[in-house]
Amino acid sequence: MTDPDLLSLQRWMSLVVQHPKDAQAAVRSKKAKQYIPTGLAMHGKVVLPSSRMEPMARLDVYNGGYLSRLIDVIRSDFPGLIHALGEHAFFHLAQDYVEKHPSQHANLIFFAAKLPGFIAKRKDLPKRAFLRDLAQLEWFISEAFHAPASQAIDPASMQNLSPEEWARIALHCSPSLRLLESPYPVNGYLQSFFDDKEPEFPARAISRVAIYRKDFRVWRLGLDKPAFQVLSKLLAGEAFGTAIECAGDQAHRIGDWFQDWSADGLFTGYTLPPDSTP
Amino acid sequence: MNLSDLRQDDLGLGIGLRTVHFGHILENWPDIDWFEILSENFMHTGGRPMYILDQVAERYPIVMHGVSMNIGSKDPLDLEYMQELKVLRNRCKARFVSDHICWTGVDGTNLHDLLPIPYTEEALKVMAEKVKQVQDILEAPLTLENPSTYLEFAHSEMSEPEFLRQLANETGCGFLMDVNNVFVCASNHGFDAKEYLRQVPWDQVLQFHLAGHSTFETHKLDTHDGPVCDEVWELYRLAHELSGGRSTLMEWDADIPDFDAVHGEALKAREYRQSMSSTSSSLEND
């Protein structure tokens, strides 16, 4: 056999690095044999032995590091999920995720983006709706941490808007703002975990939370239903006048909400579309 | 900016800008010559890390060091990554942009490891084309680091220093000589580290890295989790003599101690740099 070309070698080694067991199992796999015959790999025709290591042992240095590195990335983003699942179940979930969703991005900060959706499809997990939303909350925290910087709107810049113009404006929300509604009290659960209270699986109770970054810290703000609905509409880019209709009989609170949310940097500017009234 | 300009630009002794030291740096603005950033830690992020970097970059020279350029892969260059890298380079006015002589993934998958390449004519051609493309995008020389490796390919056609020499001839790129990596590879592969250093194309070398490693029964691993061992310091002395002196970075990326401990380790390099300077002066006086 001729020496492997670079592409075949890299595809072969990629399989070796990613194999969940070890290098020997990898080079014996059907996929790896497509690129390099097992016999050549096993007998030092591809990777040379060293004075102290056989070729498979040398490949195992790379195989061993891959899984642990990526699981560590997930571990750092989802401490609450680890608590909820337990270390053993978390490890197997993370291992499966690494196998099903190989990293496609140069930056590891994106690696766990699909974990909440991955959990949602895992029928073997107890209370997976809760686990999915807890993972979503922790992922939103990570996204808020890395979101682009933004400057909060100066409310004084809106002083001269007429009531009609207020109704038409579309507010620009902070790029860090995320909203999560869950049938479970995931934010309370996460806070209990951060407070070292060893929380148990919670009973169902709808919760709503805004996640955003202010002063380089990520904050989680619990919201009731009317406030959540108004903020959701604003985040979706709807006109202020349309968004506040969701407040219903809580409309009298809109001034306070706007003041608080502006102070927290949730709005960065606004667009005033032309008046289309005939 | 060409390579000879950069070669003259000995920044002195630097350390890596790491999250655990942010508070100390902002409070004390320590007496350090320069900082190196891990490029990917400041890409696709707009929070506190960028705020810190902006302030640090106002006061210290910055050098960028990346791990995801995938320069040795058969995959095409990731142009989105390159654009982000260039934006970051311009923002922090980095003096050098470096990555590694390695590949990190193929067919779009990123394995997030510095994987070894075979030192073949084919790999040389692949890498040279991509280095030229990177340099066109950056409008500056790319600097590439010799990696720590844990295996050698049977079909390699040349030594690592020869590969470096030919890559430099093809592209004019610079090199970052990681002295600890030379030591680790020499131990793992059974070659003479001093002989390796004597074969390095020193005109192309812009920077040194120093770091700690871990020793196992069968091999050494480049772990950046401790002080520099005596053997690596001695190799640094030789490298410094052979090169005439280059910007030097102390890497400490795991089990990171407080800033003063890392800084103290970096300052040890000063003894070697000064002994070299005094040797040069006495030779000139003679």
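Colleague: How many residue pairs are in polar contact across the interface of chain A and chain B?
Modeller: The rule finds 24 such residue pairs across the interface of chain A and chain B, both residues being at pLDDT 80 or more. Please note that this is a predicted model.

Colleague: Which helices of chain A supply residues to the side that touches chain B?
Modeller: Helix 1 (6-18), helix 5 (55-77) and helix 9 (128-146) of chain A each supply at least two residues of that side.

Colleague: And which helix gives the most?
Modeller: Helix 1 of chain A gives the most, with nine residues on the side of chain A that touches chain B.

Colleague: How do the residues on that side divide into nonpolar, polar and charged?
Modeller: On the side of chain A that touches chain B, 25 residues are nonpolar, 10 are polar and eight are charged.

Colleague: How many residues does each chain bring to the contact?
Modeller: Chain A brings 43 residues and chain B brings 45 residues.

Colleague: What area is buried between the two chains?
Modeller: About 3800 Å² is buried between chain A and chain B, and carbon and sulfur atoms give 60% of that area. The accessible area lost when parts come together is often used to give the size of an interface.

Colleague: How many salt bridges are there between chain A and chain B?
Modeller: The count between chain A and chain B is three salt bridges. One of them joins the side chains of A:Arg69 and B:Asp113, at 3.3 Å from N to O. Another is formed by A:Arg11 and B:Asp107, with the closest N and O atoms 2.7 Å apart.

Colleague: Where do A:Arg11 and B:Asp107 sit?
Modeller: A:Arg11 is in helix 1 of chain A, while B:Asp107 is in the loop between strand 4 (97-100) and helix 5 (121-138) of chain B.

Colleague: What does A:Lys214 form a salt bridge with?
Modeller: A:Lys214 forms a salt bridge with A:Asp264, and the closest N and O atoms are 3.6 Å apart. A:Lys214 lies in strand 3 (residues 207-214) of chain A and A:Asp264 in the loop between helix 14 (254-263) and strand 5 (267-271) of chain A, so this pair ties together parts that are 50 residues apart in sequence. A:Lys214 counts as partly exposed, at 27% relative accessibility.

Colleague: Which residues are linked in a network of salt bridges?
Modeller: A:Asp72, A:Arg75 and A:Glu87 are linked in such a network.

Colleague: What about A:Arg178, where does it lie?
Modeller: A:Arg178 lies in strand 2 (residues 178-182) of chain A. The side chain of A:Arg178 makes a polar contact with the side chain of A:Glu143, at 2.8 Å. Not counting residues up to four places away in sequence, A:Arg178 touches A:Phe140, A:Glu143, A:Val209, A:Ala210 and A:Ile211.

Colleague: Finally, what domains does the assignment give for chain A?
Modeller: The domain assignment gives domain 1 (1-76) and domain 2 (150-271) of chain A. The C-alpha centres of these two domains lie 50 Å apart.

Methods. Residues are numbered from 1 along each chain as its sequence is written. Chains are lettered from A and ligands numbered from 1 in the order in which they are written. This is a predicted model: local features need pLDDT of at least 70, side-chain atom pairs count only at pLDDT 80 or more; totals for chains, interfaces and linings use all residues. Side-chain values use heavy atoms; hydrogens and water are left out. Domain bounds come from an automatic or database domain assignment. Contact means heavy atoms within 4.5 Å. Buried area is the accessible area (1.4 Å probe) that two parts lose on being put together, summed over both. A salt bridge is a side-chain nitrogen of Lys or Arg within 4 Å of a carboxyl oxygen of Asp or Glu. A polar contact is a pair of N or O atoms within 3.5 Å; within protein, one must be able to donate a hydrogen and the other to accept it, and residues adjacent in sequence count only if both atoms are side-chain atoms. Helices (H or I, at least four residues) and strands (E, at least two) are DSSP runs, numbered from the N terminus. Ala, Val, Leu, Ile, Met, Phe, Trp, Tyr, Cys and Pro count as nonpolar, Asp, Glu, Lys and Arg as charged, and the others, Gly among them, as polar. Buried means under 20% relative accessible area, exposed over 50%, partly exposed in between (1.4 Å probe, protein chains only).
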